Amino acid sequence: MLKLSRITKSYAGVIVLRDIDLSIPRGRVMVVIGASGSGKSTLIRMANGLILPDRGTVEFMGEQVTAATALALRRRMGYLIQEGGLFPHLTAHDNVALMPSRLGWSLDRIDTRLFELLDLVRLPKAALARYPSQLSGGERQRVALIRALMLDPELLLLDEPLGALDPLIRYELQADLKALFASLGKTVLMVTHDLGEAGFFADEIVLLHQGAIAQQGPMAALLEAPASPYVARFVRAQRGLAGSLVRPPP
Ligand code: ADP
Ligand code: MG
């Protein structure tokens, strides 16, 4: 479905991604995790051609993502970022209707699709009349999710989609998103910096460190067989935090 081969990217001589090879089969959920600045967003933006690699290739459903093909291929990928990225001067309705109406969908067709998705992402219809600033953080992400799903994309690219939400809302949306992935059978590439969240969603986890893959595999392998001292430290740091909540130090 999505294949990155020997991707390298630098900015002003500084390497941001180094020799990345990744392949996501159809219907699988891959979660990219790593510290801030490790290259997660650059990687996800490369999948949809918002950033092009210096070296290496990105293939989506057998077609190479290039400057010439990115625009068309991007319509078959839903993209969702941390703050939602909604246009502030458009209502929620107009935000989600923008792309389909640009593609010539009738108002009827747009509304039919929209009402399906309202149910799926559990957003009350009344929210559609509001501007992004009049929505809660959770509602904003639900609107942004509808926008990402409008064209029924084959691939979902989610860059810390729940990162800006408070814990309770985040917990609810995690459950909703996971149910949605399962029911739609979408292929998903998701970024988070939270190991617990990664484990909750992922079929496979990719841990990035300074632009390179430090370890790739199922959650259990990261926990039980860390590939390097860095992986062990990364896991310990995140586990320590969760562990200290349930188990007081002796
Ligand atoms: P992450 O999402 O993991 O926090 P990013 O992919 O956003 O990391 O960034 C990786 C590194 O690349 C960071 O050091 C960042 O400062 C740098 N970087 C990202 N985009 C640019 C850019 N357009 N110009 C220069 N440096 C950039
Ligand atoms: Mg990022």
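In this predicted model, the side chains of Asp19 and Arg6 meet in a salt bridge, with 3.1 Å from N to O; a salt bridge here is a side-chain nitrogen of Lys or Arg within 4 Å of a carboxyl oxygen of Asp or Glu. The pair links distant parts of the chain, 13 residues apart: Asp19 sits in strand E2 (residues 14-24) and Arg6 in strand E1 (residues 2-11). Helices (H or I, at least four residues) and strands (E, at least two) are DSSP runs, numbered from the N terminus. Asp19 is partly exposed, at 39% relative accessible area, while Arg6 counts as exposed at 53%. Buried means under 20% relative accessible area, exposed over 50%, and partly exposed in between, using a 1.4 Å probe and protein chains only.

Before we go on, a word on conventions: residues are numbered from 1 along each chain as its sequence is written, and chains are lettered from A and ligands numbered from 1 in the order in which they are written. Because this is a predicted model, local features need pLDDT of at least 70, side-chain atom pairs count only at pLDDT 80 or more, and totals for chains, interfaces and linings use all residues, while side-chain values use heavy atoms, with hydrogens and water left out.

The structure holds 12 salt bridges. Let us turn to Arg142, whose side chain meets that of Glu172 in a salt bridge of 3.9 Å, N to O. Arg142 lies in helix H5 (residues 137-149) and Glu172 in helix H6 (residues 167-184), so this pair ties together parts that are 30 residues apart in sequence. Arg142 is buried, at 8%, whereas Glu172 is partly exposed, at 35%. Arg142 also forms a salt bridge with Asp176, at 2.8 Å from N to O. This pair again links helix H6 with helix H5, over 34 residues, and Asp176 is buried, at 15%. Elsewhere, salt bridges that share partners join Arg113, Glu116, Asp152 and Lys186 into one network.

Now to the ligand. Residues around ligand 1 (one heavy atom within 4 Å of it) include Tyr11, Val16, Lys40 and Ser41. Helix H1 (residues 40-47) gives the most to this shell, with 3 residues. An oxygen atom of ligand 1 is 2.5 Å from an N or O atom in the side chain of Thr42, and one is 2.9 Å from such an atom in the side chain of Ser41. A backbone N or O atom of Ser38 lies 3.2 Å from a ligand 1 oxygen.

Conventions: Polar contact = N/O pair within 3.5 Å; in protein donor to acceptor, adjacent residues only side chain to side chain.
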